[in-house]
Amino acid sequence: MTVVLKEEARSADQRPDNRTVAYVSPRRRWPGLLFLAVLVAGVTAMAVSSYYDQRSTGEKIDATVQNLRDGANAAATAAAKDGALATDRAATMLADTGITASVKTALAADPTLSMLKIEVETEAGVVTLAGPAPDERARDRAAVLAAAPQGVVRVDNRLVVSAAR
């Protein structure tokens with residue numbers, strides 16, 4: 001820290017101890033001290049590891065690099081698997097939505113079934129039909145129409161035949 005004092009000429013109206021000081025800011029020391037602490041910790045760690053490990057420094061560095069590569073490869077593989085699972089789930093959801101729309105369209109086009117309120121749900125290619133059916137023949141026809149779209153694995157027909165009038 002350098003402080004420069006300059007005493008100006010005293011005039012009659014000034015106080016005798018009035019001085020002008022040129023201020024120089026102090027240097028920050030913590031970055032240098034932090035670097036020194038990290039350096040000392042690294043050298044200490046190497047010294048301690050050398051005591052317990054008889055490998056040369058080059059072998060240790062090679063082993064560390066290999067461990068980092070293995071970790072990176074494992075992380076990349078896990079990320080790829082997670083991405084593939086998410087893509088499969090999204091594709092299944094889109095396929096299920098398309099199947100549901102196709103089944104609803106087919107039921108609406110059938111003159112016997114178009115007037116009925118049949119609920120259609122699809123999950124993983126399994127189509128579930130729920131609601132009323134006027135007779136057993138209409139119930140079976142709904143199951144055939146629901147099985148027709150591509151991607152349908154099976155049909156869970158829960159249509160209830162209403163009592164005869």
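Mentor: Let me start with one residue. Arg-141 is partly exposed, with a relative accessible area of 40%. Keep in mind that this is a predicted model.

Trainee: OK. Which side chain does Arg-141 meet in a salt bridge?
Mentor: Asp-110. The N to O distance is 3.0 Å. The pair links distant parts of the chain, 31 residues apart. Arg-141 sits in helix 3, residues 136-147. Asp-110 is in the loop between helix 2 and strand 3.

Trainee: And Asp-110, buried or exposed?
Mentor: Buried. Its relative accessibility is 8%, and the cut-off for buried is under 20%. Arg-141, at 40%, is partly exposed.

Trainee: Why would two such side chains pair at all?
Mentor: Side chains of opposite charge can pair when their charged atoms come close.

Trainee: How many salt bridges are there?
Mentor: Three. Glu-136 forms one with Arg-139, with the closest N and O atoms 3.8 Å apart. Both residues lie in helix 3, three residues apart, which is about one turn of the helix. Glu-136 counts as partly exposed, at 44% relative accessibility.

Trainee: What about Asp-156? Which residue does its side chain meet?
Mentor: Arg-158, in a salt bridge at 2.9 Å, N to O. Arg-158 counts as exposed, at 52% relative accessibility.

Trainee: What is Asn-157 in contact with?
Mentor: Leaving aside neighbours within four places in sequence, Leu-129, Arg-139 and Ala-143. Arg-139 is also the salt-bridge partner of Glu-136. A polar atom of the Asn-157 side chain also lies 3.1 Å from the backbone nitrogen of Leu-159.

Trainee: Let's zoom out. How many helices and strands does the chain have?
Mentor: Three helices and five strands. From the N terminus, the order is β-β-α-α-β-β-α-β.

Trainee: Helix 2 next. How many residues does it have, and what should they span?
Mentor: Helix 2 has 53 residues, 57-109. At 1.5 Å a residue, they should span 78 Å. The end C-alpha atoms are 78 Å apart, so the two agree.

Trainee: Which residues of helix 2 are buried?
Mentor: Lys-60, Asp-96, Ile-99, Thr-100, Val-103 and Leu-107.

Trainee: And for the whole chain, what percentage of residues count as buried?
Mentor: 16% of the 165 residues. The accessible surface comes to about 13,000 Å². Carbon and sulfur atoms hold 59% of that surface.

Trainee: Which residues form the nonpolar patch on the surface?
Mentor: Leu-33, Phe-35, Leu-36, Leu-39, Val-40 and Val-43. Together they have about 600 Å² of accessible area. Take Leu-33: its place is in helix 1, residues 30-52. Leu-33 counts as exposed because its relative accessibility is 54%, and the cut-off for exposed is over 50%.

Trainee: Last one. What share of contacts comes from residues 24 or more positions apart?
Mentor: 48%, counting contacts with a separation of 6 or more. The Arg-141 and Asp-110 pair, 31 residues apart, is a handy example of a link between distant parts of the chain.

Definitions and conventions:
Residues numbered from 1 in each chain as written. Predicted model: local features only at pLDDT ≥ 70, side-chain atom pairs only at ≥ 80, totals over all residues. Heavy atoms only, no water. Patch = residues over 30% accessible without salt bridge, like charges linked within 9 Å, V, L, I, M, F, W, Y side chains within 5 Å. Areas by Shrake-Rupley, 256 points an atom, 1.4 Å probe, with all protein chains shown as cover. Salt bridge = Lys/Arg side-chain N within 4 Å of Asp/Glu carboxyl O. Helix = DSSP H or I, 4+ residues; strand = E, 2+ residues; numbered from the N terminus. Buried < 20%, exposed > 50% of the residue type's maximum accessible area, 1.4 Å probe, protein only. Contact = heavy atoms within 4.5 Å. Polar contact = N/O pair within 3.5 Å; in protein donor to acceptor, adjacent residues only side chain to side chain. Expected span 1.5 Å × (residues − 1).
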